[in-house]
Amino acid sequence: MKIHEFQARNLFKEYGIPVPDGVVCHSEEEVKQCVPDDDRLRVVKAQVHVGGRGKAGGVKLAKTKAEAIEKAGEILGMDIKGLKVEKVLVADAVDIEKEFYVGLINDRNTKSITLMASAEGGVEIEEVARVSPEKIIKMTIDPVMGLMDWQARKIALQLFDDPKQMRQAAAILVKLYQLYVDTDSSLAEINPLVVTPDKKVMAIDGKMNFDDNALYRQPDILSLRESTPDEEKEIDANEKGLSYIKLDGNIGCMVNGAGLAMATMDMIKLYGGEPANFLDIGGSSNPQKVVEAMNILISDKNVKAVMINIFGGITRCDDVARGLVTALDEIKTNIPVVIRLSGTNAREGLEIIREYGLPTVSTMSEAAKKAIELSRSQD
Amino acid sequence: MSILINKDTKVIVQGITGRDGGFHTKKMKEYGTQIVGGISPGKGGTEVEGVPVFNTVEEAVSATGANASVIFVPAPFAGDAIMEASYAGIDLVICITEGVPVKDMMKANSVLKQNGTKLIGANCPGLITPNECLIGILPAMIFKKGNIGLISRSGTLTYEVVNMLTENDLGQSTCVGIGGDPVSGLYFIDLLEMYENDPETKAVVLIGEIGGDAEEQAARFIKEKMTKPVVAFIAGQSAPPGKRMGHAGAIISSGSGTAEEKIKAFAEAEVPVAKEPGEIPGLVKQKLGL
């Protein structure tokens, strides 16, 4: 789960990580009302869930309050990488003497948390990793011990010569780590972490992602979630026990199992078709789930044919077939459906489908080819 | 002997009184797996499918000598269940549960390391040594005894591939589902090494997917350390970046973890990568000179 920069800043503030003052505004009127009436250097930043806002013109400086209102007006309503800007953060701009990067991330390889830090702040960390990886300091944090003060100091000492700044930075690292574990975060970045001319260390930008598997125990974090209409559909599907990701093609897929569902999408592409979605209905042959799944597929106006690919293990194919027939009776669509059933009770399942009057195949490959053929005949 | 489990393995089921725990206990017993006990705190002294239920893993191990445990406990409690099994002296823990928070898996991993316990999963279908032992939810009827070792991040895709191998007379020595999570137990390299050292296994089929760099690491390991042939398949070539494709670990982040990179890594290690599951049996036969 992602959150906006301003929400990450609020979490930083809560944990005592210094950030410049700022306010979130949804309109020029709000900027007028909420931003203090003085003329100082501020930065107006688009609040959208993508990177590269600066390059897209979504980050502008303003020397006066009037300019801040003007810049807000320019940025609100902008389209940045397909997302419409509905709010901006208007924050005090600080003078920057030096910029650093610090970040925490879950590491699959060490099965723990990795702390990364670099004197190359204010630029894309992936770029630094690609071009000059030696400039990134990495440290593995023991998930049981957590980030110990001496470890935070060790990192800070490599970045800061001045002892006061070093201590400020070490304290920030410890607080960031605490925030990270308290909220079941999967990524937390401060980029840049800056030193101001009056020698203060502050977080100028922040990014945090959270482990979806832990949201059930993080209601405050969950309340920060903001989804696009497509993402809403995905979340809605999750709540029904389905996994759904919309794509751009015209062949809807319904599969049991995430790996098999990915392989099904891949196969459709391999044979020259375009999958309309990824949809994993999981291990249940519950008719209601099949109905929900068909509804999701049909509601996508691009879908010209549906491929159902079921490998029944514990799930019995005749149960799935009965569920499918129930679903198709309820939904009554003209969109052609190809059904492939294999595994436990496949013969019985295919018989039920044939009696219902629909085409059946016994291999995944045949199903993909047939679905592509049917989608073209709809043109 | 195959790897990890055989007819002598004694298994307990954590979460045996739940719907899935009970159902799969019955299935495993039908297969011939030695299910010697189950755990359900507060229900000790009762019985499920003829199997005695205990309150704790420690009691179960003491009473039965169990050395493996399979976990059907809900996600919020699965991490704790793994740790309990580890502290009770279980050698091999298999966690079927999906949705376990990463933080919990990291903590559990520390305990596992400390106690020398092996883990498969979480979010996995389990493992099987055909004709000897089945632990988890894999459908028994598709498997056949043979010499092909399997390692897969997937569930039903594994069954699809196993089915094709069996139909082509390529039986399996052991098949291990390592699961779809980012932080898990035994992974590709751990199991490749075991298969390399297993006299019964002649070739390995590896089923990977997008997310992380385990396949790339496996490719390097195969190139440097393995003599036995490996055939691979990678799911998710058509997956869009930044999206979790069902499995928590199946996500392309910041441009890395793509199927292309994995396929390239295998090519460099001279490991053939099937373009679709149907190609796998042919590639295995080729590699074995059959």
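**Reading a predicted two-chain model: a tutorial**

Among contacts in chain A between residues at least 6 apart in sequence, 67% join residues at least 24 apart.

Q: How many helices and strands make up the secondary structure of chain A?
A: Chain A contains 13 helices and 18 strands. Its C-alpha trace spans about 80 × 50 × 40 Å along the principal axes. Of its 379 residues, 47% count as buried.

Q: What should be checked before the details of such a model are read?
A: Where pLDDT is low, the predicted coordinates should not be read in detail. This is a predicted model. Chain B averages a pLDDT of 96, and 100% of the residues score at least 70. The model as a whole scores ipTM 0.95 and pTM 0.95.

Q: How many residues of chain A are in contact with chain B?
A: There are 43 residues of chain A in contact with 47 residues of chain B. On the side of chain A that touches chain B, at least two residues each come from β13 (243-246), α9 (258-270), β15 (277-280), β17 (337-343) and α13 (364-377) of chain A. The element that gives the most to this side is α9(A), with eleven residues. Sorted by class, this side of chain A has 20 nonpolar, 13 polar and ten charged residues.

Q: Which residues have the most contacts inside the largest nonpolar core?
A: In soluble globular proteins, nonpolar side chains tend to be buried together. Here the largest nonpolar core has 156 residues, and A:Leu279 and B:Ile71 have the most contacts inside it. Helix α9(A) supplies the largest share of this core, eight residues. A second, separate core of 43 residues includes A:Met1, A:Leu104, A:Ala170 and A:Val195.

Q: What is the order of the strands in the open sheet of chain B?
A: The seven strands of this sheet follow the order β3-β4-β2-β1-β5-β6-β7 (chain B), and their pairing is mixed. Strands β3 (47-48) and β7 (118-121) of chain B are the edges, each pairing on one side only. Within the sheet, β5 (residues 68-71) and β6 (residues 92-95) of chain B run parallel and are joined by four bridges. One pair to locate is B:Val70 with its bridge partner B:Ile94 in β6(B).

Q: Which helix packs on this sheet, and which strands does the helix touch?
A: Helix α2 (residues 57-64) of chain B packs on the sheet and touches β1 (10-14), β2 (34-39), β4 (51-54) and β5 of chain B. The direction of this helix makes about 150° with that of β2(B).

Q: Are the two faces of β8(B) covered or uncovered?
A: In a regular strand the side chains alternate between the two faces of the sheet. In β8(B), B:Gly126 and B:Ile128 lie on one side, B:Leu127 and B:Thr129 lie on the other, and all are buried, so both faces are covered.

Q: Which strands pair with β8(B)?
A: Strand β9 (residues 133-136) of chain B pairs with β8(B) in the antiparallel sense over four bridges. There, B:Leu127 has B:Ile135 as its bridge partner. Strand β11 (residues 172-177) of chain B also runs antiparallel to β8(B), joined by three bridges.

Q: Which backbone angles deserve a second look?
A: Most residues other than glycine have a negative phi, and most peptide bonds are trans. A:Lys111 is not a glycine, yet has a positive phi of about 55°. This residue sits in the loop between β7 (98-107) and β8 (112-118) of chain A. B:Glu270, also not a glycine, has a positive phi of about 60°, and its place is in the loop between α8 (259-268) and α9 (280-288) of chain B.

Q: Why does A:Lys111 count as buried, and why does B:Glu270 count as exposed?
A: A:Lys111 is buried because 23 other C-beta atoms lie within 10 Å, and the cut-off for burial is 20 or more. B:Glu270 counts as exposed because it has 11 C-beta neighbours inside 10 Å, where the cut-off is 12 or fewer.

Q: Where are cis peptide bonds found?
A: One cis bond joins A:Asn191 and A:Pro192, with omega about 15°; A:Pro192 lies in strand β10 (residues 185-195) of chain A. Another runs from B:Gly121 to B:Ala122, with omega near 20°. B:Ala122 lies in the loop between β7 and β8 (126-129) of chain B.

Technical notes:
Residues numbered from 1 in each chain as written. Chains lettered and ligands numbered in written order. pLDDT = per-residue confidence, 0-100. Contact = placed C-beta atoms within 7 Å. Nonpolar A, V, L, I, M, F, W, Y, C, P; charged D, E, K, R; others polar. Core = buried A, V, L, I, M, F, W, Y, C linked by C-beta atoms within 7 Å. Pairing = 2+ DSSP bridges. Axes fitted to C-alpha atoms, helices over the stretch in contact; angles between N-to-C directions.
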